[in-house]
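Good morning, and thank you for coming. I would ask you to keep the sequence and the model in view while I speak.

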Amino acid sequence: MADFDWQRRRLITQLERQGIVRSPAVRDALMRVPRHLFVPDEVRQNAYEDCPLPVGLGQTISAPHMVALMTESLDVKPGQNVLEVGCGSGYQAAVLSVLLNGEGSLVTVERIPELADLARKRLADLGYGNVKVVVGDGSLGWPSDAPFDRVLVTAGAPGVPVALVSQLKVGGMLLVPVGGRGFQELFLVEKSGAGVSRRSLGGVVFVPLVGEDGW
Ligand code: SAM
């Protein structure tokens, strides 16, 4: 039988050596979430390889280095109000939920109802009770739970979705891949009293954000 705990530790140590995992909080969160329980049986043995994996309905769970990079960049703290767009398997949401440590709230929006149902059940079964999984077009954000301290988009958009910026608190941060359908740049958007700034964290490849302010 595969020793998933050992494989997970080895992967996270590798991500630390690469300088992608930097903070003890993110290391701890990645160590605590069993990625192999978020992927279908057929690919379970690959759960601790650093690559995206299919989760059904043409969608993927992001590669561990990408989850680590996004989580480090977003700097989520207990007590914050967080929005994820693109719940997929629920894995990234579980990692964010560990960082919130039971304080604050996390809403994750998924466009495909079947994936949302699976993720909701999985998150509840694994004890991530503070995650709210909703079905909808996350390119429009989630106004009823706004404003947010942090917004994370895990699908590639043609531009920065306007609603996501307007639902961000002053002092808040938004991470979003922006570009073409096949290749994007990961942007960190920050809202301050003086306005909105953005900087690129480098090239990435995500499935398309499909929706009114997406593709
Ligand atoms: N965060 C996920 C995880 O941890 O498994 C991976 C997300 S996957 C790369 C992107 C997801 O975004 C897919 O599940 C896709 O259905 C979803 N998606 C695409 N457009 C969306 C939209 N407008 N609103 C919500 N979800 C969307």
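Tyr-128 touches Arg-32, Val-33, Pro-34, Phe-38, Ala-94, Ser-97, Val-98 and Leu-123, leaving aside residues up to four places away in sequence; contact here means heavy atoms within 4.5 Å. This is a predicted model, in which local features need pLDDT of at least 70 and side-chain atom pairs count only at pLDDT 80 or more, while totals for chains, interfaces and linings use all residues. Residues are numbered from 1 along each chain as its sequence is written, and side-chain values use heavy atoms, without hydrogens and water.

Tyr-128 is also among the members of the largest nonpolar core that touch the most others, together with Leu-30, Val-33, Phe-38 and Tyr-91, out of 51 residues. Such a core is a set of buried Ala, Val, Leu, Ile, Met, Phe, Trp, Tyr and Cys residues joined through side-chain atoms within 4.5 Å, where buried means under 20% relative accessible area, with a 1.4 Å probe and protein chains only. A second, separate core has 20 residues, including Leu-83 and Val-151.

I turn to the ligand. A ligand nitrogen lies 2.8 Å from a polar backbone atom of Gly-138, and a ligand nitrogen lies 2.9 Å from a backbone N or O atom of Gly-86. For Thr-154, a side-chain N or O atom is 3.3 Å from a nitrogen of the ligand.

Notes
Buried < 20%, exposed > 50% of the residue type's maximum accessible area, 1.4 Å probe, protein only. Polar contact = N/O pair within 3.5 Å; in protein donor to acceptor, adjacent residues only side chain to side chain.
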